[in-house]
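Here is a briefing on one protein chain. Keep the sequence and the 3D view open while reading.

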Amino acid sequence: MSVTIATKAFADQKPGTSGLRKKVKVYQQPHYAENYIQSIFDSLEGFAGATLVVGGDGRYYNKEVIQTALRMAAANGFGRVIVGQNGLLSTPAASHLIRHNKAYGGLVLSASHNPGGPDGDFGIKYNIGNGGPAPEKITDAVFARSKVITHYKTTETPDIDLGKTGRSMIEGMTVEVVDPVADYASLMQSLFDFDAIRALFKSGFRMKFDGMGAITGPYAKTILEGMLGAAQGTVINGTPLPDFGGHHPDPNLVHAKELVDDVMMGLAFDFGAASDGDGDRNLIVGRGIYVTPSDSLAIIAANATHAPGYAGGIAGIARSMPTSCAPDCVAAKKGIPCFETPTGWKFFGNLLDAGLATVCGEESFGTGSNHVREKDGLWAVLMWLNILAATRRSVSEIVTSHWDLYGRNFYSRHDYEEVDAEAANKLMDGLRARLPAIKAEHGLTTADDFAYDDPVDKSHTAKQGIRLIFPDGARIIYRLSGTGTAGATLRVYIERYVADRSQHGTETQEMLKDLIALSRSIPDIPGITGRSAPTVIT
């Protein structure tokens with residue numbers, strides 16, 4: 001039976017770059033999740049009888065909110081919900097299911113790479129019918145609705161058994177529980193040369209994949225060990241756990257240290273990779289080398305035709321503004337466009353839908369293509385395996401030969417995590433106010449607050465990060481992250497392009513030393529934030 005429940009609005013339900021992420025304890029407040037889900041449904045129209053995809057990364061509180069979402073979807077008039085078995089769906093797999101089933105949209109329950117567990121984070125994101133994150137016109141409407149909501153609709157029905165595949169009903173709405181991996185694995189098989197990758201593994205090639213106790217483990221086990229013949233045990237931390245087994249599921253050099261040490265510093269493995277909480281990010285390492293996400297995007301774009309799904313070439317590349325300009329170099333040589341967008345995968349959706357871009361990526365370990373409308377960690381790993389299988393070169397050889405051809409973009413991101421929000425905003429406001437003076441003092445070609453005009457829908461997005469660009473193309477970028485739940489994270493990006501091959505082996509922080517010093521002194525990071533050094537350097 002459907003019921004209407006009275007509620008009071010919460011003032012803090014403004015989505016970030018990828019949904020509403022809060023501490024679990026915030027979401028556990030009575031009516032909190034229900035208010036946000038109802039605000040999403042109230043901001044949509046024309047979905048009566050339509051299909052909704054629901055799933056999450058298995059983090060703490062996932063199971064409870066999925067049952068809530070199912071009941072509310074039924075009460076609000078959806079005709080069918082497709083949900084992953086045990087409530088599990090990686091974010092890229094959810095995007096594929098939306099597209100594959102021509103669903104109206106989807107609810108993705110995840111806080112991505114943020115920690116899990118009772119004291120960790122939780123999140124809800126709405127994806128539209130193209131499989132991508134909702135654009136700002138929808139998220140703005142959701143926030144506006146959340147501030148005035150007075151009631152939500154649900155049903156008084158028992159929980160659905162999500163432990164087995166099959167169909168059941170809630171108040172006339174069909175609930176279809178599906179294998180979370182099967183359709184996604186079929187998609188990957190259609191894009192990549194699985195025979196060549198199998199032959200690579202049969203030749204003695206060894207890799208290690210870290211699922212980080214998160215959602216990608218079952219996908220990696222099925223595809224890498226099951227379909228491609230990688231050795232049993234290739235996938236470590238492969239079972240999704242509510243607290244990710246204590247891991248911080250962010251695939252970077254700090255949080256994936258075990259993998260990095262084993263592959264980069266040892267001789268037992270040829271290739272290493274990891275993915276994050278919800279399966280949309282990736283880390284790529286080889287023996288003796290770490291591949292930056294920016295370089296990875298550029299190398300994938302340069303070599304995509306090795307994969308059958310991209311044999312006809314790529315239409316263009318898209319990258320977020322803070323991502324290094326390495327992909328621009330590839331685009332220039334190939335005579336294809338490279339689009340610079342704000343951070344947030346939602347900005348790539350229009351470019352992909354319009355056929356203007358084929359591959360896209362962000363410096364925050366996110367890479368993907370037009371096969372879905374989310375970044376896709378395992379897709380990037382399989383693309384690298386396809387390139388390795390086709391060329392039979394090492395990761396290091398592929399990277400250094402790429403630098404020889406295109407030049408090297410030395411690049412580093414310095415994160416100042418959980419900075420006092422007031423101090424962080426003061427720093428950014430101070431930079432904005434001083435841009436003309438900074439430009440003149442340092443002889444910059446550009447000193448601005450990045451704004452984006454979408455070439456497809458003509459929308460305008462402002463205040464997307466401070467750019468300081470030097471005459472030689474070197475860049476310092478400042479941006480506050482929208483994906484954390486505590487304080488603010490100040491991200492500072494430093495980049496320098498070097499064509500001279502003899503300098504390509506220089507250590508990154510050494511090559512960027514003078515720019516790093518400027519990145520701290522220009523806004524007075526120590527004086528305003530109290531931080532003498534970054535929390536994380538990648």
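The points below cover a central strand, the cores, a sheet, one serine and the aromatic pairs.

This is a predicted model, in which local features need pLDDT of at least 70, side-chain atom pairs count only at pLDDT 80 or more, and totals for chains, interfaces and linings use all residues. Residues are numbered from 1 along each chain as its sequence is written, and side-chain values use heavy atoms, with hydrogens and water left out.

- Helices (H or I, at least four residues) and strands (E, at least two) are DSSP runs, numbered from the N terminus.
- Buried means under 20% relative accessible area, exposed over 50%, and partly exposed in between (1.4 Å probe, protein chains only).
- In strand S12 (residues 271-275), 5 of the 5 residues are buried, so the rest of the structure largely encloses it.
- In a regular strand, side chains alternate between the two faces of the sheet.
- Both faces of S12 are covered, with Phe 271, Ala 273 and Ser 275 buried on one side and Gly 272 and Ala 274 buried on the other.
- Two strands pair if DSSP finds at least two bridges between them.
- Strand S10 (residues 207-210) runs parallel to S12, joined by 4 bridges; Asp 210 stands opposite Ala 274.
- Strand S13 (residues 282-286) pairs with S12 in the antiparallel sense over 5 bridges, and Asn 282 is the bridge partner of Ser 275.
- S12 and S13 make a hairpin with 6 residues between them, and Gly 279 in the turn has a positive phi of about 85 degrees.

**Nonpolar cores**

- A nonpolar core is a set of buried Ala, Val, Leu, Ile, Met, Phe, Trp, Tyr and Cys residues joined through side-chain atoms within 4.5 Å.
- The largest has 71 residues, of which Phe 192, Phe 271, Trp 379 and Leu 385 touch the most other members.
- Helix H13 (residues 377-391) gives the most to this core, with 11 residues.
- A second, separate core has 41 residues, including Val 24 and Val 142.

**The six-strand sheet**

- An open sheet of 6 strands runs in the order S20-S23-S24-S25-S19-S26, with antiparallel pairing.
- Strands S20 (446-449) and S26 (536-537) stand at the edges with a single partner strand each, so one side of each lacks a neighbour in the sheet.
- Strands S23 (residues 466-469) and S24 (residues 475-480) pair over 4 bridges, and Arg 467 stands opposite Ile 477.

**Ser 369**

- Ser 369 is found in strand S18 (residues 366-369) and is buried at 0% relative accessibility.
- Polar contacts are N or O pairs within 3.5 Å; within protein, one atom must be able to donate a hydrogen and the other to accept it, and residues adjacent in sequence count only if both atoms are side-chain atoms.
- The Ser 369 side chain makes such contacts with the side chains of Tyr 310 at 2.6 Å and His 371 at 2.7 Å.

**Aromatic pairs**

- Rings of Phe, Tyr and Trp (its six-membered ring) pair if their centres lie within 6.5 Å; planes under 30 degrees apart count as stacked, over 60 as edge-to-face and the rest as tilted.
- The count comes to 16 aromatic pairs.
- Phe 41 and Phe 47 are tilted, because their centres are 6.1 Å apart and their planes at 45 degrees; both residues are buried.
- Tyr 61 and Phe 122 are edge-to-face, with centres 5.7 Å apart and planes at 75 degrees.
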